[in-house]
Amino acid sequence: MQPTGQEETRDEATEAAEEARQRIAAEAGDVEAMSVLGAMLLRRGDLDGAEPHLRAATAAGDRAAANNLGVLLHQRGYPEEAAGWWRIAAVAGSAAAAHALGRHYRERGDEPAAEYWLRQSAEQGHPLGAYALADLLEHRGDDEAEKWMRAAAERGHREGAYRLARAMDRRAAAAADPGEDADADNGVAAGTADEAEQWYRQAAARGHRRAALYLGAILERRGELKEAGRWYLTSAKDGEARAACALGFLLRDAGDEESAAVWWLKAAQEGDGNAANALGALHAERGQTQTAERWYRAAMDAGDVNGAYNLGLLCAEQGRVAQAEQWYRRAAYAGHREAANALAILLLQGGDETGAEPWFSKAAEAGSVDAAFNLGILYAGRGEETAALRWYERAAAAGHTEAALQVGIARLRDGDEQEAERHLRCAAGGGSAEAAYRLATVLDARQPAGAGPELGEPVHRRTECEEWYERAASQGHRRAQVRVGMLAAARGDVVEAARWYREAAEAGSRNGAFNLGLLLAREGSEPEAVVWWQRAADDGHGRAALRLALVYARRGELLEGQRWADRAVTLGPGEVAERAARLRDALREELSA
């Protein structure tokens with residue numbers, strides 16, 4: 001293979017030889033050679049050299065020369081004279097001249113004349129004419145625009161292919177909206193989206209950088225990350241900042257943070273606010289707060305309101321409350337809903353509930369799920385249960401786990417068990433341990449009184465409510481842990497019961513501590529049982545205090561027994577208090593005897 005420099009020299013030599021051949025033929029009176037030579041010189045920018053050859057060929061009736069003469073005169077600044085020659089060429093059948101003449105009239109504001117000549121060009125199969133006609137018709141809102149845009153794209157016009165893809169994309173998005181015939185709409189949306197992808201591919205393959213960007217986004221959404229990365233890279237190398245930014249996110253997700261930073265830097269330097277925010281977040285994670293702040297400001301200067309929001313977050317993390325409020329306000333006034341929510345929280349933390357409420361409302365109405373939930377908390381705190389429930393329901397409908405739990409609790413309180421179960425299932429499925437526990441209690445209450453297993457059936461079949469108890473228990477829910485322990489004890493699995501009781505007790509559950517004490521006492525480990533009963537009694541468990549009173553009484557430690565009996569009387573409940581009072585009185589009699 002020869003070096004590039006030699007290839008260029010060879011091409012130049014070939015072109016020079018061709019020019020010399022055409023010049024000789026033109027000087028001999030060959031009209032076609034005059035036209036070709038004039039076009040070669042015109043392409044090279046030698047207008048003075050090209051003009052006489054083009055005029056001579058035009059005078060001899062060459063329509064290509066007439067078209068090129070029009071181009072030359074237009075470049076010299078004589079548009080009306082250029083239009084005259086274009087008209088001559090167009091009337092003679094030149095599609096290129098008809099296109100040029102149509103563009104001339106459109107620039108002059110004469111749309112009827114522009115449409116006439118552009119249509120002449122397009123109908124002759126000229127891709128530039130078809131594209132220009134489509135652009136004119138689209139500007140007027142004419143439905144015929146798509147037909148000609150498609151014609152341009154099919155003839156290889158890359159901008160036409162890109163714009164046709166964008167139109168298909170918009171149509172797919174509109175078809176994807178739920179309608180009366182959802183299945184049919186989804187089918188249309190899928191087909192249109194597939195067609196959009198094909199036109200993006202065609203335009204991208206011809207070097208259209210924005211088409212490569214959108215194609216990369218389609219592939220990324222579909223999970224085809226390797227090919228998406230290739231198109232993002234192609235687009236980014238051609239100068240598309242958004243593609244460089246998207247490529248950075250792909251690389252970061254793949255674990256290559258350093259390469260991601262390189263592309264984010266390139267995009268940010270070209271004015272991409274999203275990339276500047278990404279750089280800010282990267283430096284903030286590394287503890288480089290000054291650099292992070294600089295990039296967040298750059299994002300804000302690029303018109304990305306997330307820059308102000310992120311500056312607010314950064315200041316809040318550093319305890320710079322006044323500055324955080326300032327940046328949150330700036331972003332919130334620009335319509336950033338999460339900034340409005342963050343501002344409301346900041347005001348609420350500062351005791352300004354009156355100032356917080358409208359910002360929560362603004363954020364919630366703009367679609368912030370967290371703000372809707374926070375409004376629910378705000379109204380619940382005031383005792384306005386109806387208003388609170390309304391906001392909880394809105395947040396729950398958008399998938400907020402804790403909001404679904406609150407709706408479930410409210411529905412249980414109202415006696416609507418079916419709706420309660422539905423919301424509790426949503427919350428439990430979203431990871432709420434409390435919802436899993438409450439759902440288990442709802443299911444548990446429906447179970448019939450326990451009859452023994454039928455002959456030949458397994459002794460224990462795990463129920464759905466047990467599964468939910470166990471899920472809540474495994475997430476650290478103390479009451480669920482106690483309940484799972486009780487279920488294990490009921491089926492004779494002492495080891496499993498002790499494990500769950502101990503886990504609950506160590507997390508601070510007094511019922512767990514009491515039940516663990518009972519289990520240990522039954523297994524002959526009364527000294528350890530006493531330790532757990534004492535922990536439970538100290539936390540206000542009356543039955544644990546009564547057990548301690550009985551243990552010390554049996555040991556002959558009457559004063560200690562009386563002390564715990566007094567404690568049990570105080571703690572209750574009623575039945576325990578009565579028994580503890582009788583025991584206390586008996587111990588007093590024995591002590592005074």
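Reply: Before the packing makes sense, one cut-off: two residues are in contact when heavy atoms of theirs come within 4.5 Å. Keep in mind too that this is a predicted model.

Let's start with helix 31, residues 526-538. With that cut-off in hand, the buried residues of helix 31 pack against helix 29 (494-506), helix 30 (510-522), helix 32 (542-555) and helix 33 (558-571). Which residues of helix 31 are buried? They are A529, V530, W532, W533, A536 and A537. The length of helix 31 checks out as well: at 1.5 Å a residue, its 13 residues should span 18 Å, and the C-alpha atoms at its ends are 18 Å apart, so the two agree. After helix 31 comes G540, which has a positive phi, near 100°.

Next, a loop a bit earlier in the chain. H477 sits between helix 27 (464-474) and helix 28 (478-490). With a relative accessible area of 10%, H477 falls under the 20% limit and therefore counts as buried. A polar atom of the H477 side chain lies 3.2 Å from the backbone nitrogen of A480. Setting aside residues up to four places away in sequence, H477 touches A433, E434, Y437 and A472.

Another loop has a buried residue with a charge. D304 is found between helix 17 (289-301) and helix 18 (306-317). D304 is buried but has no salt bridge, and R330, the nearest side chain of opposite charge, is 11 Å away. Not counting residues up to four places away in sequence, D304 touches G273, N274, N277 and A299.

Now for charges that do pair up. Searching the whole structure turns up 59 salt bridges. One of them joins E138 and R163, with the closest N and O atoms 2.4 Å apart. E138 belongs to helix 8 (residues 127-140) and R163 to helix 10 (residues 158-176), so this pair ties together parts that are 25 residues apart in sequence. Of the two partners, E138 is partly exposed at 38% relative accessible area, while R163 is buried at 17%.

D169 and R166 both lie in helix 10, 3 residues apart, about one turn of the helix, and their salt bridge has its closest N and O atoms at 3.4 Å. R329 and E325 are both in helix 19 (residues 321-333), 4 residues apart, again about one turn, and their closest N and O atoms are 3.1 Å apart. R329 is partly exposed, with a relative accessible area of 26%, and E325 is partly exposed too, at 24%. There is also a network, in which salt bridges with shared partners join E111, E115, R119, R140, E144 and K147.

Last, the greasy side. The largest nonpolar core has 84 residues, and L72, W148, Y200, Y232 and W264 have the most contacts inside it. Another core, of 63 residues, lies apart from that one and includes A324, A332, L347 and V442. Y232 itself, leaving out neighbours within four places in sequence, is in contact with L213, G216, A217, E220, A243, A246, L247 and L250.

Key:
Residues numbered from 1 in each chain as written. Predicted model: local features only at pLDDT ≥ 70, side-chain atom pairs only at ≥ 80, totals over all residues. Heavy atoms only, no water. Helix = DSSP H or I, 4+ residues; strand = E, 2+ residues; numbered from the N terminus. Buried < 20%, exposed > 50% of the residue type's maximum accessible area, 1.4 Å probe, protein only. Lys, Arg positive; Asp, Glu negative; His and termini not counted. Salt bridge = Lys/Arg side-chain N within 4 Å of Asp/Glu carboxyl O. Core = buried A, V, L, I, M, F, W, Y, C linked by side-chain atoms within 4.5 Å. Expected span 1.5 Å × (residues − 1). Polar contact = N/O pair within 3.5 Å; in protein donor to acceptor, adjacent residues only side chain to side chain.
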